[in-house]
Amino acid sequence: MGGTGCLHLVNGTLHVEGVSLDQLATRFGTPLYVYSRALLKERYEAFTSSFAGAPDSLACYAVKANSTLAVLGVLARLGAGFDIVSGGELKRVLMAGGDPSRVVFSGVGKRSEEIAAALDAGILCFNVESEPELDRIAAIAAARGQTAPVSVRVNPDVDAKSHPYISTGLRENKFGVDMDAARALYHRAASLPSLRVCGIDCHIGSQITSLSPFTDALARVLELVDELAAVGIALEHIDVGGGLGVSYNGETPPAPQAYAAAIISGIGKRKLRILTEPGRAIVAEAGVLLTRVEYLKHNGDRGFAIVDAGMNDLLRPALYSAWMGIEAVRPRAGPTACWDIVGPVCESADFLGKQRELALEAGDLLAVRTAGAYAFAMSSGYNSRCRAAEVMIDGENAFLVRERESLEDLVRGERMLPVDA
Ligand code: LLP
């Protein structure tokens, strides 16, 4: 069973804060993403307060995990920084009231217009992932008479021991540059007048459930920090990336406090501001996906509960074989059976969970737990399905923060060929 998350039973019905999921389904329809503002705040503050012992630190929430404006807005009001990977994410952060001077820009493929927009906004730092990118940032900044703040993203060749699709710190991954290349890049950056070398960056993967990959990577990055300091390249900050896991199915990731303590002690007496890029650890547990059982069917002795949310709404099970907790919104007293919880999409990978023991009837509501991170953000319109609505709960109040997509939305911007073509 996963972490406690934001769900609790009141009078036999699952609630998020003071609102019953039953009522939400009636009011807003399904599939529906539901977030708890209180839990979002709690997880953010648990994370940031664990770095209180460091002289200076900033949590830059990884926008990709959940980029819904209302989520970003809650975090912006709490003073969060943001880690972005596109001009689109920058736009969202600014719209949500985020402070651009707390934004770091990661990603291997920054386009020229995205770099220019980030310079316009006045972001804290570009996390540079290659030599041609460094040169492009330098040229764009020079042409605009600006100085671009840069860090080099180091690939420390450390195994995050996570799913291969979400491990990024190995040499075989496209991310960052190896230690030798990083050293050369720092010398190059220091020689370019339109760049200001301000930090160093590293991110080794996601859903990491032990401390050693973090501390191993940190030790390697610090070796380079010391080496650079010795040749007069003094860095202001170290960005240790994101990656802290959560509990989906009994995993026991380090608590934020243990994670922070390990990083603070690794850095020791070095005068470095600590930046982090947490995504999942902030939002995963604050969200659930609410879905309704459309049909029950059997193929031989295999039971299928066909629900109205599919892989287009929640891709993690299909893409990473991820296990997500699934519970009945009004648990039935009757005998349970074993069900594959599958969506309506025409793919065998379209499942939310397999072989789950539940007492189910058609029409029942199910809640997929721990669905605040990499869930709505990875949704699509595959099979021409409208993307789900999203609701933020604040105490007794439910705010619709994203309308359900309409059929008109699905075809917006498309054109038929002219009849005579
Ligand atoms: N910083 C960078 C540069 C990243 O690439 C990522 C995640 C993060 C921070 C945030 O990592 P977190 O704290 O959330 O682990 N879609 C996958 C996860 C992909 C993670 C991509 N990068 C999933 O659903 O498990």
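**Figure 1. Glu17, a residue in the loop between β2 (13-16) and β3 (19-20)**. In this predicted model, Glu17 counts as buried, because its relative accessibility is 17% and the cut-off for buried is under 20%. The phi angle of Glu17 is near 50 degrees, which is a positive value in a residue other than glycine. Most residues other than glycine have a negative phi.

**Figure 2. Gln355 in strand β17 (residues 351-358)**. Gln355 is not a glycine, yet its phi is positive, at about 50 degrees. Its relative accessibility is 41%, so Gln355 counts as partly exposed.

**Figure 3. The cis peptide bond from Thr30 to Pro31**. Omega for this bond is near -5 degrees. Pro31 belongs to the loop that runs between α1 (21-28) and β4 (32-36). Most peptide bonds are trans.

**Figure 4. Helix α2 and its buried residues**. The helix α2 is made of 13 residues, and the distance from its first C-alpha to its last is 18 Å, close to the 18 Å expected at 1.5 Å a residue. Leu39, Leu40, Tyr44 and Phe47 are the buried residues of α2. They line one face of the helix, because their directions fall within an arc of 135 degrees when seen down the axis of α2. An α-helix has 3.6 residues a turn, so residues three or four places apart point the same way.

**Figure 5. Helix α9 (residues 256-267), with one face buried**. Twelve residues make up α9, and at 1.5 Å a residue they should span 16 Å. The C-alpha atoms at the ends of α9 are 16 Å apart, which agrees with that expectation. Tyr259, Ala260, Ala262, Ile263 and Ile267 are buried in this helix. Seen down the axis of α9, these residues fall within an arc of 160 degrees, so they line one face. Gln257 and Ser265, on the other side of α9, are exposed. The buried residues are covered by elements including α2 (37-49), α8 (212-230), β11 (237-239) and β12 (273-276). Just after α9 comes Gly268, with a positive phi of about 60 degrees.

**Figure 6. Leu211 and its contacts**. Leu211 sits in the loop between β10 (195-201) and α8. With a relative accessible area of 27%, Leu211 is partly exposed. Apart from neighbours within four places in sequence, the residues in contact with Leu211 are Pro254, Ala258, Tyr259 and Ala262. Ala255 is 44 residues away from Leu211 in sequence, while their C-alpha atoms are 9.8 Å apart in space.

**Figure 7. The largest cavity and the residues around it**. A search of the whole structure finds one cavity of 30 Å³ or more. The largest cavity holds about 100 Å³ of space. Its lining is formed by Cys202, Ile204, Phe214, Ala217, Leu218, Val221, Ile238, Asp239, Val240, Gly242 and Ile263. The elements that each give two or more residues to this lining are α8 and β11. Of these, α8 gives the most, with four residues. By class, nine of the lining residues are nonpolar, one is polar and one is charged. Rolling a probe the size of a water molecule over the atoms shows where empty space is left.

**Figure 8. The largest pocket**. About 600 Å³ of space lies in this pocket. It is lined by 31 residues, and the closest to its centre are Lys64, Thr168, Phe175, His203 and Tyr374. The lining of the largest pocket divides into eleven nonpolar, twelve polar and eight charged residues.

**Figure 9. Asp83 in strand β6 (residues 81-84)**. Asp83 is buried, with a relative accessible area of 1%. Leaving out residues up to four places away in sequence, Asp83 touches Cys60, Tyr61, Ala62, Val63, Lys64, Glu89, Val104, Ser106 and Glu277. Lys64, one of the residues touched by Asp83, is also among the residues closest to the centre of the largest pocket.

Conventions
Residues numbered from 1 in each chain as written. Predicted model: local features only at pLDDT ≥ 70, side-chain atom pairs only at ≥ 80, totals over all residues. Heavy atoms only, no water. Expected span 1.5 Å × (residues − 1). Buried < 20%, exposed > 50% of the residue type's maximum accessible area, 1.4 Å probe, protein only. Arc of directions from axis to C-beta. Contact = heavy atoms within 4.5 Å. 1 Å grid on protein atoms, 1.4 Å probe; cavity = no way out; pocket = protein on both sides within 12 Å on 5 of 7 lines; lining within 4 Å. Points joined across faces, edges and corners; volume = space filled by probe spheres on them. Nonpolar A, V, L, I, M, F, W, Y, C, P; charged D, E, K, R; others polar.
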